[in-house]
Amino acid sequence: MPILARKPGALRNGAPFKDWVLPQAIERVRRKLRGSDDGDRQMVAILSAILDDGLAAVEAACAEALGEGVCSASVILNILARRKDPAPVVTILTPEALRLRCAPVADCSRYDSLRSAR
């Protein structure tokens, strides 16, 4: 991966990478990106995510992106980031002593009286 990060063109032209067998979804993304100008650089960004997120997670993100009809490194990395987000924080229940006994009522006439007092 460090070689690819410095020279993304090696992904296309390098002998070790020519017959590289990738999981199906990642290979489909690679074929789609091959036609774009910065496809090699995008593919290297996707492959670099394997080091942090694992092969299964990157493959699932590629499959999701392909299912949506979008194929770019930014979309796939966004999918991976959204999956890492922590779950929402549990709401703290309000103790009975702090609950309102009478709900406040909106009173616009009070505001109008303050305006007219000037």
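Predicted model: local features only at pLDDT ≥ 70, side-chain atom pairs only at ≥ 80, totals over all residues.
View A. On the H5 side, Ile-46, Ala-49, Ile-50 and Asp-53 make the contact, and on the H6 side Leu-55, Ala-57, Val-58 and Cys-62 do. By class, the residues of this contact are 7 nonpolar, no polar and 1 charged.

**View B. Helix H4 crosses helix H6.** Helix H4 consists of residues 24–33, and helix H6 of residues 55–68. Their axes come within 8 Å and cross at roughly 55 degrees. H4 and H6 are therefore oblique to each other, because an angle between 35 and 65 degrees is neither roughly parallel nor roughly perpendicular. The crossing of this pair is left-handed. From H4, the residues in contact are Gln-24, Ala-25, Ile-26, Arg-28, Val-29 and Lys-32. They meet Leu-55, Val-58, Glu-59, Cys-62, Ala-63 and Leu-66 of H6. Sorted by class, the contact of H4 with H6 holds 8 nonpolar, 1 polar and 3 charged residues.

**View C. Helix H6 also crosses helix H7.** Helix H7 runs over residues 73–84. The axes of H6 and H7 come within 9 Å, and the crossing angle is roughly 120 degrees. That makes H6 and H7 oblique to each other. The crossing is right-handed. H6 contributes Ala-57, Val-58, Ala-60, Ala-61, Cys-62, Glu-64 and Ala-65 to the contact, while H7 contributes Val-75, Ile-76, Ile-79, Leu-80, Arg-82 and Arg-83. The contact of H6 with H7 comprises 10 nonpolar residues, no polar ones and 3 charged ones.

**View D. Arg-30 is a residue of helix H4.** Arg-30 has a relative accessible area of 8% and is therefore buried, since the limit for that class is under 20%. Between the C-alpha atoms of Arg-30 and Cys-71 the distance is 9.3 Å. Along the sequence, Arg-30 and Cys-71 are 41 residues apart.

**View E. Ser-74 belongs to helix H7.** The relative accessible area of Ser-74 is 53%, so this residue is exposed; the class begins over 50%. Ser-74 and Gln-42 are 32 residues apart along the chain.

**View F. The whole chain contains helices and 0 strands.** There are 8 helices in the protein chain, and read along the sequence its pattern is α-α-α-α-α-α-α-α. The chain has 118 residues, of which 27% count as buried. Its accessible surface is about 9,000 Å², and carbon and sulfur atoms account for 56% of that area. Taking the contacts between residues at least 6 apart in sequence, 54% join residues at least 24 apart.

Methods. Residues numbered from 1 in each chain as written. Heavy atoms only, no water. Helix = DSSP H or I, 4+ residues; strand = E, 2+ residues; numbered from the N terminus. Buried < 20%, exposed > 50% of the residue type's maximum accessible area, 1.4 Å probe, protein only. Contact = heavy atoms within 4.5 Å. Areas by Shrake-Rupley, 256 points an atom, 1.4 Å probe, with all protein chains shown as cover. Axes fitted to C-alpha atoms, helices over the stretch in contact; angles between N-to-C directions. Parallel < 35°, antiparallel > 145°, perpendicular 65-115°, else oblique. Left-handed = near helix turned anticlockwise from the far one by under 90°. Nonpolar A, V, L, I, M, F, W, Y, C, P; charged D, E, K, R; others polar.
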